Amino acid sequence: MKTASWILWIGIGIAIFFLGRCSKKCEKVETVKVETVTETRVDTVTIVEPVETVRTEIRRDTIEAPADTLYLPGDTVRIEVPIETKEYRDTLYALQIEGYRPRLNWVEVYPRTEYVYRTETKTINTPARRWSLGPAVAYGYDIKNNHWAPFVGVSVNYSLLSW
(Lines give C-alpha, C1' and ligand atoms only; values in the text may rest on other atoms or scores of the structure.)
Protein backbone atom coordinates (compact mmCIF):
# COMPACT_ATOMS: atom_id res chain seq x y z
CA MET A 1 0.00 0.00 0.00
CA LYS A 2 2.87 2.38 0.79
CA THR A 3 4.42 1.82 -2.64
CA ALA A 4 1.11 2.46 -4.37
CA SER A 5 0.55 5.72 -2.45
CA TRP A 6 4.07 6.89 -3.30
CA ILE A 7 3.51 6.12 -6.98
CA LEU A 8 0.17 7.93 -6.80
CA TRP A 9 1.77 11.03 -5.23
CA ILE A 10 4.62 11.04 -7.77
CA GLY A 11 2.11 10.66 -10.62
CA ILE A 12 0.02 13.53 -9.25
CA GLY A 13 3.17 15.66 -8.94
CA ILE A 14 4.23 14.91 -12.54
CA ALA A 15 0.70 15.66 -13.79
CA ILE A 16 0.63 18.96 -11.89
CA PHE A 17 4.08 19.83 -13.25
CA PHE A 18 3.02 19.33 -16.89
CA LEU A 19 -0.28 21.07 -16.27
CA GLY A 20 1.65 24.07 -14.97
CA ARG A 21 3.88 24.06 -18.08
CA CYS A 22 0.77 24.27 -20.29
CA SER A 23 -0.67 27.24 -18.43
CA LYS A 24 -0.30 30.90 -19.45
CA LYS A 25 3.29 32.04 -19.82
CA CYS A 26 4.52 34.64 -17.36
CA GLU A 27 5.93 37.24 -19.71
CA LYS A 28 6.31 40.94 -19.45
CA VAL A 29 3.47 42.58 -21.40
CA GLU A 30 3.97 46.12 -22.63
CA THR A 31 1.26 48.12 -24.39
CA VAL A 32 2.35 51.35 -26.05
CA LYS A 33 -0.21 53.78 -27.46
CA VAL A 34 1.17 56.81 -29.28
CA GLU A 35 -1.26 59.44 -30.52
CA THR A 36 -0.03 62.40 -32.56
CA VAL A 37 -2.31 65.32 -33.39
CA THR A 38 -1.07 67.98 -35.82
CA GLU A 39 -2.94 71.28 -35.95
CA THR A 40 -2.13 73.83 -38.64
CA ARG A 41 -3.20 77.44 -38.20
CA VAL A 42 -3.04 80.03 -40.96
CA ASP A 43 -2.73 83.63 -39.75
CA THR A 44 -3.37 86.52 -42.17
CA VAL A 45 -1.07 89.50 -41.87
CA THR A 46 -2.10 92.54 -43.94
CA ILE A 47 0.58 95.17 -44.52
CA VAL A 48 -0.75 98.47 -45.90
CA GLU A 49 1.74 100.61 -47.85
CA PRO A 50 4.93 98.75 -47.00
CA VAL A 51 8.19 100.64 -46.64
CA GLU A 52 10.51 100.61 -49.66
CA THR A 53 14.04 99.53 -48.76
CA VAL A 54 15.92 99.43 -52.12
CA ARG A 55 15.26 101.25 -55.41
CA THR A 56 17.41 100.50 -58.48
CA GLU A 57 17.07 101.78 -62.02
CA ILE A 58 18.00 98.83 -64.20
CA ARG A 59 17.53 100.29 -67.74
CA ARG A 60 15.72 102.89 -69.83
CA ASP A 61 13.20 102.06 -72.54
CA THR A 62 12.07 104.40 -75.27
CA ILE A 63 8.40 104.57 -76.19
CA GLU A 64 6.62 106.51 -78.88
CA ALA A 65 3.65 108.66 -77.89
CA PRO A 66 1.42 111.06 -79.82
CA ALA A 67 2.66 114.65 -79.76
CA ASP A 68 -0.78 116.08 -79.08
CA THR A 69 -4.32 114.90 -78.54
CA LEU A 70 -4.93 114.38 -82.28
CA TYR A 71 -2.99 111.42 -83.58
CA LEU A 72 -1.50 111.78 -87.03
CA PRO A 73 0.89 109.30 -88.65
CA GLY A 74 4.49 110.39 -88.15
CA ASP A 75 3.42 112.87 -85.48
CA THR A 76 5.06 111.09 -82.51
CA VAL A 77 7.45 111.97 -79.73
CA ARG A 78 10.07 109.63 -78.32
CA ILE A 79 10.05 109.42 -74.52
CA GLU A 80 12.61 107.67 -72.32
CA VAL A 81 10.98 105.68 -69.56
CA PRO A 82 13.02 104.44 -66.56
CA ILE A 83 12.41 100.80 -65.65
CA GLU A 84 12.94 100.34 -61.94
CA THR A 85 13.22 97.48 -59.53
CA LYS A 86 11.95 97.98 -55.99
CA GLU A 87 12.38 95.70 -53.02
CA TYR A 88 10.20 95.62 -49.95
CA ARG A 89 11.45 93.69 -46.97
CA ASP A 90 10.35 93.13 -43.39
CA THR A 91 10.49 90.32 -40.84
CA LEU A 92 7.17 88.91 -42.14
CA TYR A 93 7.64 89.28 -45.91
CA ALA A 94 10.05 90.02 -48.77
CA LEU A 95 9.10 90.92 -52.32
CA GLN A 96 10.48 92.59 -55.45
CA ILE A 97 8.61 94.42 -58.22
CA GLU A 98 9.79 95.79 -61.54
CA GLY A 99 8.40 98.24 -64.09
CA TYR A 100 7.76 101.90 -64.87
CA ARG A 101 7.06 103.82 -61.65
CA PRO A 102 6.23 100.65 -59.72
CA ARG A 103 4.34 101.05 -56.48
CA LEU A 104 3.08 98.37 -54.14
CA ASN A 105 -0.23 99.16 -52.49
CA TRP A 106 -0.57 96.24 -50.09
CA VAL A 107 0.73 92.76 -49.32
CA GLU A 108 -0.88 89.85 -47.51
CA VAL A 109 1.28 87.17 -46.01
CA TYR A 110 -0.08 83.84 -44.76
CA PRO A 111 2.37 82.30 -42.32
CA ARG A 112 1.55 78.72 -41.36
CA THR A 113 2.08 77.62 -37.80
CA GLU A 114 1.98 73.92 -36.97
CA TYR A 115 1.30 72.72 -33.46
CA VAL A 116 2.07 69.06 -32.80
CA TYR A 117 0.59 67.43 -29.72
CA ARG A 118 1.90 63.98 -28.86
CA THR A 119 0.27 61.77 -26.27
CA GLU A 120 2.10 58.64 -25.28
CA THR A 121 0.61 56.00 -23.00
CA LYS A 122 2.60 53.04 -21.74
CA THR A 123 1.12 50.15 -19.81
CA ILE A 124 3.63 47.70 -18.43
CA ASN A 125 2.37 44.58 -16.73
CA THR A 126 4.98 42.88 -14.61
CA PRO A 127 5.12 39.12 -14.88
CA ALA A 128 3.34 37.01 -12.31
CA ARG A 129 5.75 35.45 -9.88
CA ARG A 130 5.75 31.69 -9.90
CA TRP A 131 7.54 31.17 -6.58
CA SER A 132 6.39 32.60 -3.26
CA LEU A 133 7.05 32.16 0.45
CA GLY A 134 4.39 32.78 3.05
CA PRO A 135 2.30 31.56 5.95
CA ALA A 136 0.10 28.55 5.33
CA VAL A 137 -2.92 27.06 7.04
CA ALA A 138 -3.97 23.84 5.33
CA TYR A 139 -5.44 20.40 5.73
CA GLY A 140 -3.54 17.59 4.08
CA TYR A 141 -2.26 14.05 4.20
CA ASP A 142 0.50 13.36 6.75
CA ILE A 143 2.87 10.90 5.10
CA LYS A 144 4.76 10.16 8.32
CA ASN A 145 1.70 9.07 10.33
CA ASN A 146 -0.43 7.92 7.36
CA HIS A 147 -3.52 10.02 8.12
CA TRP A 148 -5.17 13.35 7.26
CA ALA A 149 -4.23 16.27 9.56
CA PRO A 150 -4.31 20.08 9.75
CA PHE A 151 -1.11 22.01 9.04
CA VAL A 152 0.00 25.49 10.22
CA GLY A 153 3.39 26.89 9.25
CA VAL A 154 5.50 28.48 6.54
CA SER A 155 5.34 27.18 3.01
CA VAL A 156 7.20 27.62 -0.25
CA ASN A 157 4.68 27.75 -3.09
CA TYR A 158 4.96 27.35 -6.86
CA SER A 159 2.04 28.68 -8.87
CA LEU A 160 1.09 26.14 -11.53
CA LEU A 161 -1.84 27.90 -13.15
CA SER A 162 -2.22 31.58 -13.91
CA TRP A 163 -4.93 33.43 -15.85
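pLDDT is the predictor's confidence in each residue, on a scale from 0 to 100. The structure described here is a predicted model, in which local features need pLDDT of at least 70 and side-chain atom pairs count only at pLDDT 80 or more, while totals for chains, interfaces and linings use all residues. Residues are numbered from 1 along each chain as its sequence is written, and side-chain values use heavy atoms, with hydrogens and water left out.

**Confidence and strands**

For the protein chain the mean pLDDT is 77, and 85% of its residues reach 70 or more. Confidence is lowest in strand 2 (residues 45-48), where the mean is 76, and highest in strand 4, where the mean is 84. Strands in this report are DSSP runs of E with at least two residues, numbered from the N terminus.

Two strands are said to pair if DSSP finds at least two bridges between them. Strand 3 and strand 4 run antiparallel and are joined by 13 bridges, and in this part of the model Asp 61 stands opposite Val 81 of strand 4. Strand 4 is also joined to strand 5 (residues 94-100), by seven bridges and again in an antiparallel arrangement.

**Buried residues**

Burial is judged by relative accessible area, with buried meaning under 20%, exposed over 50% and partly exposed in between (1.4 Å probe, protein chains only). A nonpolar core is a set of buried Ala, Val, Leu, Ile, Met, Phe, Trp, Tyr and Cys residues joined through side-chain atoms within 4.5 Å. The largest such core has seven residues, namely Ile 47, Tyr 88, Tyr 93, Ile 97, Leu 104, Val 107 and Val 109. In soluble globular proteins, nonpolar side chains tend to be buried together.

Contact means heavy atoms within 4.5 Å. When neighbours within four places in sequence are left aside, Ile 47 is in contact with Tyr 93, Trp 106, Val 107 and Val 109. Lys 86, which is found in strand 4, is buried because its relative accessible area is 6%. Not counting residues up to four places away in sequence, Lys 86 touches Glu 52, Val 54, Arg 55, Leu 95, Gln 96, Ile 97 and Pro 102.

Thr 31, placed in strand 1 (residues 29-42), counts as partly exposed at 43% relative accessibility. Thr 31 and Thr 123 lie 92 residues apart in sequence, yet their C-alpha atoms are 5.0 Å apart in space. With residues up to four places away in sequence not counted, Thr 31 touches Thr 121, Lys 122 and Thr 123.

**Salt bridges**

A salt bridge is a side-chain nitrogen of Lys or Arg within 4 Å of a carboxyl oxygen of Asp or Glu. A search of the whole structure finds three of them, and they are listed here.

| Glu 39 | Arg 41 | 2.8 Å |

Glu 80 counts as exposed at 53% relative accessibility, whereas Arg 60 counts as partly exposed at 45%. In the bridge between Glu 39 and Arg 41, Glu 39 is partly exposed with a relative accessible area of 27%, and Arg 41 is partly exposed at 39%. Glu 87 counts as partly exposed at 24% relative accessibility.

**Aromatic rings**

Rings of Phe, Tyr and Trp (its six-membered ring) pair if their centres lie within 6.5 Å, and planes under 30 degrees apart count as stacked, over 60 as edge-to-face and the rest as tilted. By this rule the count comes to three aromatic pairs. One of them is the stacked pair of Tyr 139 and Trp 148, at 6.5 Å centre to centre and with 10 degrees between the planes. Tyr 141 and Trp 148 form an edge-to-face pair, at 5.4 Å centre to centre and with 70 degrees between the planes. Tyr 139 is exposed at 58% relative accessibility and Trp 148 is exposed at 51%, while Tyr 141 is partly exposed at 31%. Ring pairs link Trp 9, Tyr 139, Tyr 141 and Trp 148 into a cluster.

Definitions and conventions
Helix = DSSP H or I, 4+ residues; strand = E, 2+ residues; numbered from the N terminus.
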